[in-house]
Amino acid sequence: MSSESIGKPLDRVDGPLKVCGRARYTGDETLPRMAHAVLVQATVPAGRVARIDAGAAQRAPGVVLVLTHLNALRLPQGGRAAAKPPQGRVLSLLQDDRVHYNGQPVAVVVAETPQQAEGAAQLLRIEYERAGAALDFAAARAGAYSPGKIQENPADSRRGDPAAALAAAPRRQALAYATGHQHHNPMEPHATLAAWEGERLTVFDSTQYPAGARRTLAATFGLPVESVRVRCAFVGGAFGGKGAPWSHVALAAMAARQAARPVRLVLQRPQLFGPVGGRPRTEQRVLLGADEGGRLTAVEHHSVSNTSMLEDWTESCALVTRMLYACPNVTTTHRLVKLNLGTPTFQRAPGEATGSFALECALDELAVALNLDPIELRLRNHADRDPERNVPFSSKSLRECYRAGAERFGWARRSAQPGALRQGNWLVGLGMASSTRPAKRSPAAARVRLLPDGSAVVQSSTEDLGTGTYTVMAQIAADALGYAVSRVRFELGDTQLPEAPIAAGSMTVESVGSAVHAACLAARQRLVQLACDDAASPLAGAAPQRVRVEDGWLRLDGGDARQRDSAAALIARHGGQPLEVTLDSRPGPEEKQFSMHAFGAVFAEVWVDRELGLLRVPRLTGAYGVGRVMNAKTAHSQLMGGIVWGLSQALMEESVPDGRYGRIVNANLADYHVPVNADVGAIDIVVVPERDEQVNALRAKGLGEVSMTGVAAAIANAVYNATGKRIRELPVTLDKVMA
Ligand code: MOS
């Protein structure tokens with residue numbers, strides 16, 4: 001098979017559209033007679049809407065509709081028909097007067113312009129009957145409960161006898177870690193444009209999952225799935241926050257229905273802090289038992305995270321602890337506390353980003369106690385097989401990641417003695433951690449059409465979140481077809497295309513890429529057969545297995561140069577109809593036979609000002625084993641982006657709910673800190689060669705999230721190495737360093 005196009009650092013095919021401002025995001029879409037909606041949110045954390053005076057708002061200039069629970073369309077099952085968490089949220093669709101969190105949608109104002117809608121929304125008078133709200137995580141812990149399951153995983157796990165092993169361990173350590181609330185802040189806020197034609201609904205929506213949004217809308221409004229179409233050509237970042245449709249999507253559709261015209265609703269930045277998910281707070285206890293040589297004999301990891309009053313959603317902190325190290329006695333638990341906050345959801349590297357902070361800091365603390373190098377401690381506990389499932393890994397390059405990463409980073413320069421390295425007023429610390437994320441694949445469908453002009457169109461209803469899907473799918477298709485990448489166009493983001501799974505979990509290449517790969521191989525086979533069976537072809541009568549396809553030309557292997565046919569001519573001779581293959585692809589038995597994960601090692605250099613506690617991270621190095629890379633440039637960009645997310649989690653991001661009112665007090669990008677270029681130092685990425693024959697035919701593991709994991713721990717461990725101070729709660733800020 002030719003693999004000319006796979007792996008190349010090709011520029012994004014959608015790059016020119018984006019830099020010229022010609023890529024149309026949902027908020028850019030317009031329709032004739034379109035009206036504009038704004039979301040009005042509750043200003044109390046719990047209770048009910050007691051009275052609404054909409055008179056002034058309704059009389060304001062340009063107002064088309066003021067939608068509240070008093071006049072909202074009554075939905076089947078109270079709007080809960082689609083509510084099957086986690087993919088189907090419990091939405092707030094104005095079906096009753098109850099308020100479950102500050103920021104919950106309580107009204108939608110529709111007007112001729114966004115400004116008129118916003119102005120009228122200010123005139124809405126809403127009185128609340130306040131009820132007692134749970135806003136204190138520590139107080140809520142008394143009512144902590146088990147969610148039973150976390151997606152397909154049990155909430156609790158146990159192997160061996162951890163309690164006995166811990167009691168007998170020569171070395172013991174029991175420490176508590178915590179991570180703060182966060183909210184996704186993609187550049188592009190959530191946006192929806194909804195339009196009805198009779199009983200048919202078309203929605204432009206900024207989403208990671210057109211097929212999921214379609215099913216949710218269909219169920220919510222009691223429509224057949226075929227009556228709903230969801231479209232989204234570009235997404236300006238999502239990170240899990242646009243995985244399942246939130247209330248505003250259905251509310252936009254409801255407003256369009258009741259206003260009898262298309263309605264566009266674009267969330268404002270502060271509205272991203274509550275009604276559209278976020279990462280919950282976690283409090284985690286990690287207990288380690290080890291022998292004097294640092295071999296783990298017992299591990300316990302107990303995580304508590306918050307969910308909302310509306311539904312259970314669990315941050316799966318301890319899943320990583322089940323598989324990362326070889327230890328015979330391990331127990332993990334997840335518990336939930338209910339708070340009057342918006343429902344949390346998946347946020348980049350959900351579970352591992354938070355859980356690896358606790359686990360990898362705990363290991364660092366053990367390394368210090370045993371006076372062992374942190375890499376040596378990890379090597380002594382390296383898991384050669386998946387210790388929880390007791391199956392082999394499909395591939396694992398973690399040892400090589402430690403080695404290559406340490407070498408590139410200059411780990412040898414580190415002193416185990418905190419504060420040993422200095423640069424003027426700065427204490428310099430070096431820290432490291434392991435990284436890992438599951439390599440997942442979901443069923444996906446793809447269609448390829450070979451056109452008579454010699455080009456190919458490949459389609460699937462997936463999304464490009466800014467990750468490079470448009471580009472990478474064209475590369476995968478071109479490789480399998482034997483076409484030039486420039487002759488392949490990939491189309492996505494429309495439920496009229498073959499169904500793709502959610503673009504999340506770092507699984508788009510594995511899932512959609514596998515479907516594209518298989519469909520294109522099948523199309524090439526048909527093309528070759530066509531030539532061999534065609535008396536008019538120079539390849540007539542040839543054995544198909546001897547025909548190669550390169551750059552759109554079919555040639556006989558070892559044949560003479562004139563013995564060739566072009567795909568374009570071949571299709572033209574056959575009636576000029578596109579040669580089309582549509583195919584469903586799904587994971588096979590390998591999922592049961594192997595444990596599939598990406599692994600890595602991340603290294604941080606941190607500078608801490610001795611007097612002011614200022615924190616700087618001038619250098620981060622990450623080494624990763626992610627199988628075969630589809631595009632060196634977009635892969636590098638993803639791996640680097642994950643590291644920046646980790647840096648942000650380590651030092652900056654935290655949403656702060658007001659303890660009295662439950663409002664997020666820093667719901668804007670001035671006070672909710674994310675790194676700008678000046679905050680990000682040198683990021684060095686090493687992709688170690690890894691050949692995985694099991695994971696899928698492309699031999700590719702997902703790489704969108706693995707590099708976020710471990711970063712916060714590496715930075716916190718480096719802060720300890722610089723200062724001798726352990727900070728066990730994220731983010732690590734200067735007040736904690738100075739305390
Ligand atoms: Mo993600 S948090 O897998 O979109």
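Q: How many Å should the 13 residues of helix 12 span, at 1.5 Å a residue?
A: The general idea is that a helix's expected span is 1.5 Å times one less than its number of residues. Helices (H or I, at least four residues) and strands (E, at least two) are DSSP runs, numbered from the N terminus. For helix 12, residues 469-481, that gives 18 Å, and the end C-alpha atoms are 18 Å apart, which agrees. This is a predicted model, where local features need pLDDT of at least 70, side-chain atom pairs count only at pLDDT 80 or more, and totals for chains, interfaces and linings use all residues. Residues are numbered from 1 along each chain as its sequence is written, and side-chain values use heavy atoms, leaving out hydrogens and water.

Q: Which strand is joined to strand 29 by 13 bridges?
A: Two strands pair if DSSP finds at least two bridges between them. Strand 21 (residues 426-438) is the partner here, running antiparallel to strand 29. Trp-426 sits opposite Asp-609 of strand 29. Strand 29 also pairs with strand 30 (residues 615-625), antiparallel, over 9 bridges.

Q: How many disulfides are found in the whole structure?
A: A disulfide is a pair of cysteine sulfur atoms within 2.5 Å. The search finds 0. The sulfur of Cys-520 lies 19 Å from its closest cysteine sulfur, in Cys-532, which is too far for a bond.
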